[in-house]
Amino acid sequence: MSASADFEPTIIGFLCRWCSYTGADLAGTSRVKYPPNMIPLKVMCSGRVDPSLVLKALADGADGVLILGCHPGDCHYHEGNHKTMRRVPMLKSVLQQYGIDPARVRLEWVSASEGDRFAEVVHDFTEEIRALGPQKRVESVA
Amino acid sequence: MDTSKGNGHGASSNGEIRVGVYVCHCGTNIAATVDVAEVVRFAEGLPNVAVAKDYQFMCSEPGQELIQQDITEHKLNRVVVAACSPLMHEPTFRRACAEAGLNPFLFQMANIREQCSWVTTDKPRATEKAKHIVRAAVSRVALHAELQVREVPVNERVLIIGGGIAGIEAALQIADAGKPVILVEREPSIGGRMATFDKTFPTLDCAACILTPKMVSAGQHRNIDIRSYAEVASVSGHVGQFQVSIRRNRRYVDDKKCNGCGLCYQECPAIVSPKSRKVSIEGQPYFVGSYAEGGEARKVTIRQGDRERRKPIKDTPTGDCIFCGKCATACSEVVGAHAIVLRRDESAEAGKQRSLEFNGNCIGCGACVRECPTGALTVTDAQDRQVLHHEMMLGPNKAIRVPTLQAVPNVPFIDEETCIHFRNGGCGHCAEVCPQEAISYDMEEAIEEVEVGSILVATGFDTIDLAPMVQYGWGRYDNVISGLEFEILCHASGSTGGKILKADGTPPKSVAILHCIGSRDEHYHEHCSRVCCMYSLKFAHLVREKVECDVYEFYIDIRAGGKGYEEFYKRLMREDVTFIRGKAAEVTNWPMSPEEEGKLVVKAEDTLLGQIRRVPVDMVILSPALQAREGAQTLAQTLGIGCGGEGFFLERHPKLAPVQTAADGVYVAGACQSPKDIPDSVAQGAAAAANILSLIDKGTFSIEPVVAVIDETLCGGCRTCINMCPYSALSADEERNVAVCESALCKGCGTCVATCPAGAIQQQGYTDAQIRAELEGALGRLAASSAE
């Protein structure tokens, strides 16, 4: 995969409604700028992010998937993010078997008060995916 | 697809999906960065879209009417509004839909403001992102199903955590409205920080005079149940119906029997912050213990029948121990301290067979000295400090005590660390003198379960720990004290009776007040603690009022934003207080000139003079930063609310919902949300009370129907989901071998949905099909098949 400076990656972001979605709103209210490559999807909890949804995103043309949840211990549902924390490494090992770079999926914690951090995470991830280049479509996945 | 069933709403009886898309300009908030007209054109071309329009302010009344008209005119059965965050206006548009006869859950919001126009500078790219977001919403909304909100009844009882001024204010407001309140306070008395203040800024009225009446009314109110010396152990349930466990700490005094007479603390021989005493035998120091002033030790010995000091035994030179063992007997049997033990060693040579053994149980009472017939035992003060600023307290400083004499409830507690009984099993004096027999040394911690409908958190603040901030010398130099210590020093009920004294018992001739200790400092806290400027000015006034002395204020900026605050600052400038604009860098006792000899020297860069200054003073008062309470994070987790960057509880919206939190039915007030002064805390307490009363008055709370539903035809009974649920909403039906969901317990996190290997569980409002359709829309593969 060749990195190209004018490649604009398409990224799907799964944002937990309580911390990260609110954090993303705070980034907006504070007018923090970040690349517009990520399309946000609101879920109630990062624990709702079924690995098959991530695979579908990659299959449907996303170059990267960002899963954002509350910091461990802060989950609105006590421990939903702990489940995600365990699922994501397993998902990554599956990705590897599909020949997809596991770096295309990233799990991060962003709290409702971390607007700056939200922008920073999106920026970093966008640049990382930009460097990885476009994701080859795998039609049969999901 | 199951979820698309039942959407035959309005005129589209043939099952046709008709979506209306409305793109908001939000003035220029969206329109400046997103080409709204372009987004509308794009939306018009999307599958199922019957109509697409833009409007200046969709949330305005004409904006909402536009949607309502179209629902009728265009026979819409789905609505998408592309505007601000759903956290902001989703309820507004859902209501608008409902008023037009459309089920409110057939609506979807596309956030193109907070997460698009406000965060992007490049207009074409922002427009492109907005299109993706709108397409995702259109794709998803086609699969929305009609849902019904759940109405849960609201229990009238309110739990207030924290009995400071904010909590008391809220409790009184709610109780006056006739609703029952449980006020849980960690300390033995309500009153909080304010109860330790002498005067309040800027009016200089006495804190106790304005607070005590409120404390008393709270204590006597028939609708307020105070649980002092108690903590919230756990919280379960949801808005309207919370189950709360309250842990009542071991007070050792039965609050039902105690009548607050105070005999126990008058008679208690153990002083909390006593002067230390050194007990020496034959001039050899053995013990350092703390002793009670006022002859309590003597009272103990007299009570036990020892009336007079024994005469020295003849022919024994005074000062020699004769190993008679009187001291050991007095210590163990009379006092109960067991600090001296007489050992008899039979195997040793005659004359040497007895010895005294010492341990660390000494309480410095002096009973042994009174018993000693030879004068071999002596007792002297171990230190010469007269005033112990760090250990001062209001009210009686005994092991059994009330925090202040105005305590509410007026029920003492026993401090295990100081109490002789808990140190060595002796004494027991308080239990003997108590006329009500209220004291019980074997009281156990009790857990009380209560049910409430709403919770107010008003736990207040902590001040930053000054001990690690060695540059300011707190804990190293006797006369460096913190703001809260000064409050007690200055307080009429404090150990010095309100006299401002140095550690040696003399009044200071010069005092420095250091602002921003740990506040506005990137090494500690970035935030401004808001109250320090004003209370530091108050301190300056109090010092000048009580002692003839020079006062220096070392400040970065004076922040006097409040009613009457600037005027107070002006007044202080006229009162001959020296203001030095510079943050103090260090407090040292190292003299560099004769006038600095024996003084504390404050070093600071005077930014108005542009030079480093050294100011020698007798006493330094530090204004430590206000920070979140220790344990705030744990409480936040217990309640399902969040903490901000500095650890203070997070409100739902900093401007528009300042006392609500992310958890429905849980509110915050006072300094636990951010540093606040008394007027602001009271205002928030009252605001929270109004919020809670409106919830109670309505009687029910609508809960979004975002819950898990199980398709029993798909469920294989593997039970993987059951352990995943943090609320025990899922259980196994043994007979039918399927999982069942108790929707009243389900909070809708969706963890079980992601777990189910059979895809048998769906989350209403977030079904797999809906999220997959949203994904396809977001990524541009708006498959026609998924929209059916």
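1. Let me start with a loop in chain B, the one between β24 (510-517) and α14, where R530(B) lies. R530(B) is not a glycine, yet its phi is positive, about 70 degrees. Please keep in mind that this is a predicted model, in which local features need pLDDT of at least 70, side-chain atom pairs count only at pLDDT 80 or more, and totals for chains, interfaces and linings use all residues. Residues are numbered from 1 along each chain as its sequence is written, chains are lettered from A and ligands numbered from 1 in the order in which they are written, and side-chain values use heavy atoms, with hydrogens and water left out.

2. Two cis peptide bonds in chain B are worth a look. One joins F201(B) and P202(B), with omega about -10 degrees; P202(B) sits in the loop between β8 (199-200) and β9 (205-206) of chain B. The other runs from V408(B) to P409(B), with omega near 0 degrees, and P409(B) belongs to the loop between β18 (400-401) and β19 (413-414) of chain B.

3. Now the overall layout of chain B. Its domains are domain 1 (19-147), domain 2 (161-237 + 447-459 + 635-698), domain 3 (276-381), domain 4 (461-627) and domain 5 (708-764); such bounds come from an automatic or database domain assignment. Taken over C-alpha atoms, the centres of domain 2 of chain B and domain 5 of chain B are 38 Å apart.

4. Axes are lines fitted to C-alpha atoms, for helices over the stretch in contact, and angles run from 0 to 180 degrees between N-to-C directions. The crossing of α5(B) with α17(B) is right-handed, a term for the near helix being turned clockwise from the far one by less than a right angle, while anticlockwise makes it left-handed. Contact means heavy atoms within 4.5 Å, and the residues that make it include A166(B), A170(B) and I174(B) from α5(B) and G685(B), A689(B) and L693(B) from α17(B). By class, 10 residues of this contact are nonpolar, 3 polar and 1 charged. For these classes, Ala, Val, Leu, Ile, Met, Phe, Trp, Tyr, Cys and Pro count as nonpolar, Asp, Glu, Lys and Arg as charged, and the others, Gly among them, as polar.

5. Turn to α1 (residues 36-44) and α4 (residues 123-141) of chain B, which pack at about 35 degrees with their axes 10 Å apart. This crossing is right-handed. On the α1(B) side are E38(B), V39(B), F42(B) and A43(B), which meet T127(B), A130(B), K131(B), V134(B) and R135(B) of α4(B). The class count for α1(B) with α4(B) is 5 nonpolar, 1 polar and 3 charged.

6. A left-handed crossing is found where α13(B) passes α14(B). The axes of α13 (residues 483-490) and α14 (residues 532-546) of chain B come within 11 Å and cross at roughly 35 degrees. Among the residues that meet are F486(B) and C490(B) in α13(B) and F539(B) and L542(B) in α14(B).

7. What is the strand order of the open sheet of 3 strands in chain B? The order is β27-β28-β29, with antiparallel pairing; two strands pair if DSSP finds at least two bridges between them. Strands β27 (584-588) and β29 (611-617) of chain B are the edges. Between β27(B) and β28 (residues 600-606) of chain B there are 4 bridges, and E586(B) stands opposite K603(B) in β28(B).

8. Chain A has an open sheet of 4 strands, ordered β2-β1-β3-β4, and here the pairing is parallel. The twist averages 20 degrees from one strand to the next. Strands β1 (residues 11-16) and β3 (residues 64-69) of chain A pair over 5 bridges, with I67(A) in β3(A) as the bridge partner of F14(A).

9. Finally, the interface: 49 residues of chain B and 54 residues of chain A take part in the contact. The two chains bury about 4500 Å² between them, 57% of it on carbon and sulfur atoms. Buried area is the accessible area (1.4 Å probe) that two parts lose on being put together, summed over both. Q115(B), W118(B) and L779(B) supply 14% of the area that chain B buries against chain A, more than any other three residues.

Notes. Helix = DSSP H or I, 4+ residues; strand = E, 2+ residues; numbered from the N terminus.
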